[in-house]
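Please read them with the structure open.

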Amino acid sequence: MTTYVMVPGAWHGGWCWRKVARSLKVPGSDLYTPTLTGLGERAHLASPDIDLETHICDVLGVLETEDLRDVVLVGHSYAGIVVSAAADRAASRVARVVYLDAIVPHDGQCLYDCASAQARDYFEEQARVGGEGWRIPASAATVQFLGLKEEKDVSWVMPKLTAHPIRTFREPVKLSAGFPRVPRTYINCIGDKPLGQPKSAQAADIEDYHELRTGHDAMVTAPDDVAELLSRIAENTTA
């Protein structure tokens, strides 16, 4: 049986995987879509104390409490940092890490180290002006950034986004000397560009590389394609 744990990125909750989950719910698969602390339906837990370690522990808690094994651990966007650390600490439970248009950190890096200076300045300013200094308002995640083009996707996603705790962007991740300890896959969302793009910087060290011609929020804009690709990746992992 294939077990998927799919972790949403910044501003999103577990709800964002709903369409992918429908496609993946076939006999012989099991799915978990945890929402990170302070986001989605857990927005009432938001506080200035939430940091990267909080979110790493969220994922470890699912792996350990549910006693999951041979997991295909998927992280979208910011959650690439979270799943990297979780897989590093719980390697015996994880069969493969899949980065869906996600950050792939090295030890000691934070999200800002993997993004442009302009992105850092933008998020910091957004938090200062509209987030009481400790959270990045949902309005910082624009329709253009998320790659949403159809009105049905915009109307479903945008009202559900919640402010994101900024400490998680500032704090460096701690990875072991043995990282990566499990196989890794990168899925690059290339928008309308032709297939066969050069690898992104985040995917540079990952051999198992795939492209999807869709926007950043691929789990919303191309859920069937994401599900099909995840199924093939899982089959190759367990074969």
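**Pockets, core and salt bridges**

1. The lining of the largest pocket is made up of 14 nonpolar residues, five polar ones and one charged one. The space in this pocket comes to about 400 Å³. Its lining has 20 residues, and those closest to the centre are Ser 77, Ile 103, Cys 114, Ala 115 and Phe 145. Bear in mind that this is a predicted model.

2. How do the residues lining the second largest pocket divide into nonpolar, polar and charged? Two are nonpolar, five are polar and seven are charged. This pocket holds about 220 Å³ of space. It has 14 lining residues; nearest its centre lie Gly 147, Lys 149, Glu 150, Thr 214 and Thr 221. Two elements, H6 and helix H8 (218-221), each give two or more residues to this lining.

3. The model has one cavity of 30 Å³ or more. The volume of the largest cavity is about 30 Å³. Its lining consists of Gly 9, Ala 10, Trp 11, His 12, His 76, Ser 77, Phe 145, Leu 146 and His 216. Four of the lining residues are nonpolar, five are polar and none is charged.

4. Next, the nonpolar core. The largest one has 82 residues, and the members that touch the most others are Met 6, Trp 11, Val 20, Leu 73, Leu 100, Phe 169 and Leu 230. Helix H3 (residues 79-89) supplies the largest share of this core, with seven residues.

5. Leu 73 deserves a look of its own. Beyond its neighbours within four places in sequence, Leu 73 contacts Val 5, Val 7, Val 59, Val 83, Ala 86, Ala 87, Val 94, Arg 96, Val 97 and Val 98. Arg 96 is one of these partners.

6. Leu 24 sits in helix H1 (residues 18-24). Is Leu 24 buried or exposed? Leu 24 is buried, because its relative accessible area is 2% and the cut-off for buried is under 20%. Its contacts, apart from neighbours within four places in sequence, are Tyr 4, Met 6, Ser 29, Leu 31, Ala 227, Leu 230 and Ser 231. Leu 24 and Ser 231 are 207 residues apart along the chain, yet 7.5 Å separates their C-alpha atoms.

7. On to charge pairs. The model has 15 salt bridges. One of them joins Arg 167 and Asp 51, with the closest N and O atoms 3.5 Å apart. What does this pair tie together? Arg 167 lies in helix H7 (residues 167-170), and Asp 51 lies in the loop between strand S2 (29-32) and helix H2 (52-65), so the bridge ties together parts that are 116 residues apart in sequence.

8. The two partners in that bridge can be set side by side. Arg 167 is partly exposed, at 29% relative accessible area. Asp 51 counts as buried, at 15% relative accessibility. Not counting residues up to four places away in sequence, Asp 51 touches Arg 167, Thr 168 and Glu 171.

9. Lys 149 and Asp 192 form another salt bridge, at 2.6 Å from N to O. Lys 149 is in the loop between helix H5 (143-146) and helix H6 (151-157), while Asp 192 is in the loop between strand S7 (184-189) and strand S8 (208-212); the two are 43 residues apart. Both Lys 149 and Asp 192 are exposed. Lys 149 is also one of the residues nearest the centre of the second largest pocket.

10. Last, Glu 150. This residue forms a salt bridge with Lys 152, the closest N and O atoms being 3.5 Å apart. A network of salt bridges links Lys 19, Glu 150, Lys 152 and Asp 153. Glu 150 counts as partly exposed, at 45% relative accessibility. Like Lys 149, Glu 150 lies among the residues nearest the centre of the second largest pocket.

Conventions
Residues numbered from 1 in each chain as written. Predicted model: local features only at pLDDT ≥ 70, side-chain atom pairs only at ≥ 80, totals over all residues. Heavy atoms only, no water. Salt bridge = Lys/Arg side-chain N within 4 Å of Asp/Glu carboxyl O. Helix = DSSP H or I, 4+ residues; strand = E, 2+ residues; numbered from the N terminus. Buried < 20%, exposed > 50% of the residue type's maximum accessible area, 1.4 Å probe, protein only. 1 Å grid on protein atoms, 1.4 Å probe; cavity = no way out; pocket = protein on both sides within 12 Å on 5 of 7 lines; lining within 4 Å. Points joined across faces, edges and corners; volume = space filled by probe spheres on them. Nonpolar A, V, L, I, M, F, W, Y, C, P; charged D, E, K, R; others polar. Core = buried A, V, L, I, M, F, W, Y, C linked by side-chain atoms within 4.5 Å. Contact = heavy atoms within 4.5 Å.
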